[in-house]
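Reader: Please show me the model. I have a few questions about how its parts meet.

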Amino acid sequence: MKRTAAALAASALLLPLSACGGSAEAGSGSTVTVTVGYQSKTINTVTAGTLLRSLGSFEKRLNALHDGKTYKVDWQDYATGAPITAQMTAGKIDIGSMGDFPLLLNAARGKQLGKPTHLVSVTGYNLKGGLNTVVVPPKSKLTSLKDLKGKKVSTSVGSAADGTLVRALQRAGIDPDKGIEKLNQQPAVGASALSAGSADALSQFVAWPGLLAYQGKAKALYDGAQLNLPTFHGVTAREDFARQRPAVLEAFLKAQAEATDYLHAHPVQAAEKVAKSTGLPAEVVYLYNGAHGISTFDPAVKPQLVSALKQDVSVLKAAKLTGDIDVDSFVDDQYVKKALGARYARQLAATPPAPASEVWPEGATRTRNFTSPAKLLAYLAEHKDGIRAAYVPDATTGTLWFADKAVWVADGEQLLPFVAPETAQAYVASHGGAQVITYADALGRAS
């Protein structure tokens with residue numbers, strides 16, 4: 001969200017009154033403003049942003065502190081993590097949420113400016129990397145990552161999506177710096193470039209790939225889960241804020257846990273709430289945040305995620321975006337441990353739900369699960385009307401995708417979906433008799 005110079009100047013005038021994140025003493029009482037930076041359309045952060053805000057859980061927790069202060073929450077919505085980091089290091093945002101690569105830049109920038117920040121909890125994650133996808137125009141003849149050599153590829157440098165692109169190109173034997181023409185663009189700009197034909201491919205984070213596929217404006221070329229490397233989004237807080245107002249941070253993390261519980265208990269309703277707040281189609285939100293969605297939500301700071309964060313540093317260093325980063329000192333889960341209590345150990349050990357095929361019927365408050373993609377197709381063949389969306393997990397990576405946008409393979413009586421043509425072809429190559437078929441053919445075979 002862009003801000004005018006006048007607005008920034010006005011906020012700067014308030015800084016002398018701010019003991020912490022805009023808190024201001026008023027008469028005999030005290031009013032404290034807590035500023036939260038979030039990304040409404042980066043829907044893997046909804047439990048610390050969009051959904052949390054719509055539920056009002058944080059405000060309720062603050063009102064229950066009964067510490068003689070009146071609390072107000074200033075929710076500030078941004079398109080990416082970079083401006084949140086800029087505002088945090090300027091002392092204007094207390095708590096922020098962003099993806100793993102932006103989190104590292106947040107850590108580096110905070111240390112550089114003597115305004116340290118800490119990763120205090122996790123929002124959504126995918127242990128294989130399925131949150132990031134490379135897409136191409138619907139009529140593109142590109143079928144594998146190797147086809148990107150010499151092509152124009154849009155991404156946001158410094159984002160997790162760029163990290164996925166760099167690693168994927170390296171595995172494909174393509175120099176990520178010289179082998180492609182990289183266009184450093186914001187997601188919305190990159191999406192427009194793809195549609196206009198000025199970009200051959202787009203590597204982006206949620207919810208852009210799913211949104212463009214749902215709208216028929218793109219198709220998947222590369223499933224980030226092929227990397228089998230965790231990617232996630234998390235919550236970062238200013239160190240001085242956490243020390244000065246630990247009860248407020250604890251209240252936020254407890255509220256985040258409540259929002260996470262709500263998402264798990266009411267996935268369809270949660271998707272509708274996020275859709276209403278963001279303008280994104282609820283069907284796209286559910287693809288990522290649903291009961292078996294691409295993203296798993298859990299505030300616990302899992303060791304696998306911290307390990308992945310350490311591996312991400314080398315990618316940012318190679319891009320000359322940062323130097324060494326002390327990840328261990330950046331990660332601080334003491335606050336979320338206290339907020340969750342005995343639940344923390346259980347959630348730390350919890351694993352993502354098994355992939356499943358789902359249909360979202362019109363007017364339904366719950367989706368229908370199927371034990372196989374073929375059974376889902378059989379249901380769809382019998383119910384051609386009244387279906388909002390149908391989702392199937394990639395047969396090899398487990399990444400959920402829209403059934404009508406998937407690449408289908410027939411292997412004997414099996415009907416197997418894949419996110420991208422490359423994974424489908426890899427399966428066909430190793431299974432004699434298997435063949436790629438159209439979605440219409442898959443429906444016909446299942447009926």
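Reader: How much area do domain 1 and domain 2 bury between them?
Author: This is a predicted model. Of the area buried between domain 1 and domain 2, 69% is on carbon and sulfur atoms. The total comes to about 1500 Å².

Reader: How many residues does the contact take from domain 1, and how many from domain 2?
Author: The domain assignment gives domain 1 as 31–127 + 231–349 and domain 2 as 132–227. Taken over C-alpha atoms, their centres are separated by 26 Å. The contact takes 21 residues from domain 1 and 17 residues from domain 2.

Reader: Are helices α6 and α13 roughly parallel or roughly perpendicular to each other?
Author: Helix α6 covers residues 160–171, and helix α13 covers residues 303–318. Their axes lie 11 Å apart, at an angle of about 80°. Angles of 65 to 115 degrees count as roughly perpendicular. The two helices, α6 and α13, are therefore roughly perpendicular.

Reader: Which classes of residue make the contact of α6 with α13?
Author: From α6 come G163, V166 and R167. From α13 come Q311, D312 and V315. By class, that gives two nonpolar, two polar and two charged residues.

Reader: What is the helix and strand content over residues 84–270?
Author: UniProt lists residues 84–270 as "domain: SsuA/THI5-like", in an unreviewed entry. The end C-alpha atoms of this stretch are 25 Å apart. Its content is 42% helix and 24% strand.

Technical notes. Residues are numbered from 1 along each chain as its sequence is written. This is a predicted model: local features need pLDDT of at least 70, side-chain atom pairs count only at pLDDT 80 or more; totals for chains, interfaces and linings use all residues. Side-chain values use heavy atoms; hydrogens and water are left out. UniProt positions are given in the numbering used here, feature names are shortened, and annotations may be inferred rather than shown by experiment. Helices (H or I, at least four residues) and strands (E, at least two) are DSSP runs, numbered from the N terminus. Axes are lines fitted to C-alpha atoms, for helices over the stretch in contact, and angles run from 0 to 180 degrees between N-to-C directions. Angles under 35 degrees count as roughly parallel, over 145 as roughly antiparallel, 65 to 115 as roughly perpendicular and the rest as oblique. Contact means heavy atoms within 4.5 Å. Ala, Val, Leu, Ile, Met, Phe, Trp, Tyr, Cys and Pro count as nonpolar, Asp, Glu, Lys and Arg as charged, and the others, Gly among them, as polar. Domain bounds come from an automatic or database domain assignment. Buried area is the accessible area (1.4 Å probe) that two parts lose on being put together, summed over both.
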